[in-house]
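Welcome! Take a look at it first, and then read on.

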Amino acid sequence: MSQPAAPSFAEVLQQAVRHSGLSLERVQHRLAAQGIRISLTTLSYWQRGRSEPERADSLRAVDALERILALPPGALRSLLRPYRPRGRMTAPGHDLSATHRVLGENSLVEQALGAGFDRLNEALRTLSIREVITLDARRRITSLSIQQLVRATGDGADRLTAVHTFDSGMRGARVRVRSGLPGPLRALPELSTAVVEVRFGRVLARNETAVVDYTVRVEPGDGTDDHYERRTRTRLRDYLLQVYFHPAARPVACHRYYREHSTARLAYNHRLLPDASHSVHSAPGRCPAGIHGVSWRWPGPAGAGG
């Protein structure tokens, strides 16, 4: 007679939370009181088996959960499956831990998408990106032009969703699509974020590719911008970022940089020299998963002209 299957990490966690009488919000609050910040979305995914803790900070949360939920030491950690290596066979859209690693826990992207965060472009892999950023005389990003080549990792993908955030704030935004069909635009001024959807106009089969090309025009807030970065959860074949400064507001120094994930130190920080059109660009020869960006330093106090 076969033995009954051992309970999973998700089942034991869900049952322990139920027996404790605590809401997930209270569990999150108690974790935060111990200096451990885990989003409600992540806790919910752990309960439902959509993802499991893997990173060091997540494993520290598991140990704390055992104490908060009055479980014996190791009652949860012993149920975790072995670490799953990430590679070419893993569909990047389903790898929630990789997404959190690059974007950070409870990122603006996660807040903007809510329950749809775990399905963000789940059947797509980005191959290459070219983006052009334009700033105005008040040192604010006012437009982003993006051309992106994607490949379907499975059947059924019919659109790309992109989330753009602005340090200077955002009062509003509008989108013009050149390649693809415009989907709904959600401007979220409270998060300084715009959620853009571009439809392919057809349903992709596995391994088919599509190009989207669009421009976001921004009605900026009262702040200023001093960097722009692209966060990618998979390696790109090609990436080009070009930043145009207004002739009346030119920075005194520019650098391109790379970080492996949201809490990592800079892996490099190379000086860039503006060209005759007051622009700089970053075109890394290698483009691994992580955060690729360009930063700049303004002369004098913020708000002064160049």
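Let's start with a single pair of residues in this predicted model: Tyr228 has Val294, in strand 13, as its bridge partner.

- Strand 8 and strand 13 (residues 290-297) run antiparallel and are joined by six bridges.
- Both belong to an open sheet of four strands, with the order 8-13-10-11 and antiparallel pairing.
- At the edges you will find strand 8 and strand 11 (266-272), each of which pairs on one side only.
- From one strand to the next, the twist averages 15 degrees.

**The largest pocket**
- The volume of the largest pocket is about 880 Å³.
- It is lined by 34 residues, and the closest to its centre are Leu103, Val109, Val163, Arg230 and Arg231.
- Strand 8 (227-232) turns up again here, as one of the elements that give two or more residues to the lining; helix 5 (96-103) and helix 6 (108-113) are also among them.
- By class, the lining has 16 nonpolar, eleven polar and seven charged residues.

**Two packed helices**
- Helix 2 (residues 24-33) packs against helix 3 (residues 40-48) at an angle of about 115 degrees, and their axes are 10 Å apart.
- The crossing of these two helices is right-handed.
- On the helix 2 side, Leu24, Glu25, Val27, Gln28 and Leu31 meet Leu40, Leu43, Ser44 and Gln47 of helix 3.
- This contact is made up of five nonpolar, three polar and one charged residues.

Notes
Residues numbered from 1 in each chain as written. Predicted model: local features only at pLDDT ≥ 70, side-chain atom pairs only at ≥ 80, totals over all residues. Heavy atoms only, no water. 1 Å grid on protein atoms, 1.4 Å probe; cavity = no way out; pocket = protein on both sides within 12 Å on 5 of 7 lines; lining within 4 Å. Points joined across faces, edges and corners; volume = space filled by probe spheres on them. Nonpolar A, V, L, I, M, F, W, Y, C, P; charged D, E, K, R; others polar. Pairing = 2+ DSSP bridges. Axes fitted to C-alpha atoms, helices over the stretch in contact; angles between N-to-C directions. Left-handed = near helix turned anticlockwise from the far one by under 90°. Contact = heavy atoms within 4.5 Å.
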